[in-house]
Amino acid sequence: MNKRQQQRMDFLIDRYPELHIVRPEIEKAFELLKNCYISGGKTLVGGNGGSAADAEHIVGELMKGFQSRRLLTFEMREKLCNIDNDMGSTLADSLQEALPAIALGNHLSLCSAFANDVDGNQVYAQQVWGYGQREDVLWGISTSGNAVNIKYAVIAAKAKGMKVIGLTGKDGGYLGSAADVVIKVPETETYLIQELHLPVYHSLCLMLEDEFFERRI
């Protein structure tokens with residue numbers, strides 16, 4: 001981690017002192033995600049219940065600018081303009097570089113069909129099986145660590161050779177032992193766990209943005 005990323009971590013712990021016990025795990029998760037993107041991989045993010053909204057939130061921070069500039073390279077701007085000067089120029093000024101990420105559960109037709117035809121608990125696993133590659137990371141979010149849909153997704157990811165990050169509560173549950181890196185925030189009530197999950201994943205997204213993109217300020 002560079003100096004800026006260390007400052008991000010310091011800021012997180014200053015605001016949420018109770019998270020100091022999971023600082024090493026947050027840093028390990030960052031390194032795992034960084035290596036994923038260096039290798040050309042993507043992140044598949046799955047959450048159960050309210051954590052499904054967190055999964056979508058994470059993807060939103062990774063797939064477009066968060067705090068930093070994500071301007072296209074001159075080469076890519078030129079390619080867009082060469083295809084269509086007017087519309088390509090508009091795209092060149094508007095598109096932003098992304099850290100590829102997919103929120104599991106967002107594909108209504110697929111999810112409802114698989115739930116009806118097979119098993120709703122295995123919908124995330126099916127998506128992992130279809131999208132996942134060895135260089136990818138599965139980021140599973142479950143406050144108990146025991147959500148069945150996340151368990152199935154973890155098994156599918158490991159069979160694909162993927163790394164797994166778990167974001168859970170104090171008890172850890174299944175994710176606590178199955179994930180390559182697990183961040184167990186020190187709370188046991190669901191809503192309190194979710195309140196701590198947000199600053200954790202915001203910090204991870206910010207550190208990744210610092211790693212790969214020019215800062216705005």
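Author: Let us begin with a definition: contact means heavy atoms within 4.5 Å. Helices (H or I, at least four residues) and strands (E, at least two) are DSSP runs, numbered from the N terminus. The model here is predicted, so local features need pLDDT of at least 70 and side-chain atom pairs count only at pLDDT 80 or more, while totals for chains, interfaces and linings use all residues. Residues are numbered from 1 along each chain as its sequence is written, and side-chain values use heavy atoms, with hydrogens and water left out.

Reader: Which residues of H3 meet H10?

Author: On the H3 side they are Gly-50, Ser-51, Asp-54, His-57, Ile-58, Glu-61 and Leu-62; they meet Gln-194, Leu-198, Tyr-201, His-202, Cys-205 and Leu-208 of H10. By class, this contact has 6 nonpolar, 5 polar and 2 charged residues. In this scheme Ala, Val, Leu, Ile, Met, Phe, Trp, Tyr, Cys and Pro count as nonpolar, Asp, Glu, Lys and Arg as charged, and the others, Gly among them, as polar.

Reader: At what angle do H3 and H10 pack?

Author: Axes are lines fitted to C-alpha atoms, for helices over the stretch in contact, and angles run from 0 to 180 degrees between N-to-C directions. Helix H3 (residues 50-62) and helix H10 (residues 190-212) pack at about 20 degrees, and their axes are 10 Å apart. H3 is therefore roughly parallel to H10; angles under 35 degrees count as roughly parallel, over 145 as roughly antiparallel, 65 to 115 as roughly perpendicular and the rest as oblique.

Reader: What is a nonpolar core, and how many residues has the largest one?

Author: In soluble globular proteins, nonpolar side chains tend to be buried together. A nonpolar core is a set of buried Ala, Val, Leu, Ile, Met, Phe, Trp, Tyr and Cys residues joined through side-chain atoms within 4.5 Å. Here the largest has 37 residues, and Ile-26, Trp-139, Ile-183 and Leu-204 have the most contacts inside it. Elements that each supply at least two residues include H3, strand E5 (181-184) and H10. H10 gives the most, with 8 residues.

Reader: What does Ile-183 touch?

Author: Leaving aside residues up to four places away in sequence, its contacts include Val-22, Ile-26, Leu-167, Val-200 and Leu-204. A second, separate core of 21 residues includes Leu-138, Ala-178, Ala-179 and Val-182.

Methods
Buried < 20%, exposed > 50% of the residue type's maximum accessible area, 1.4 Å probe, protein only.
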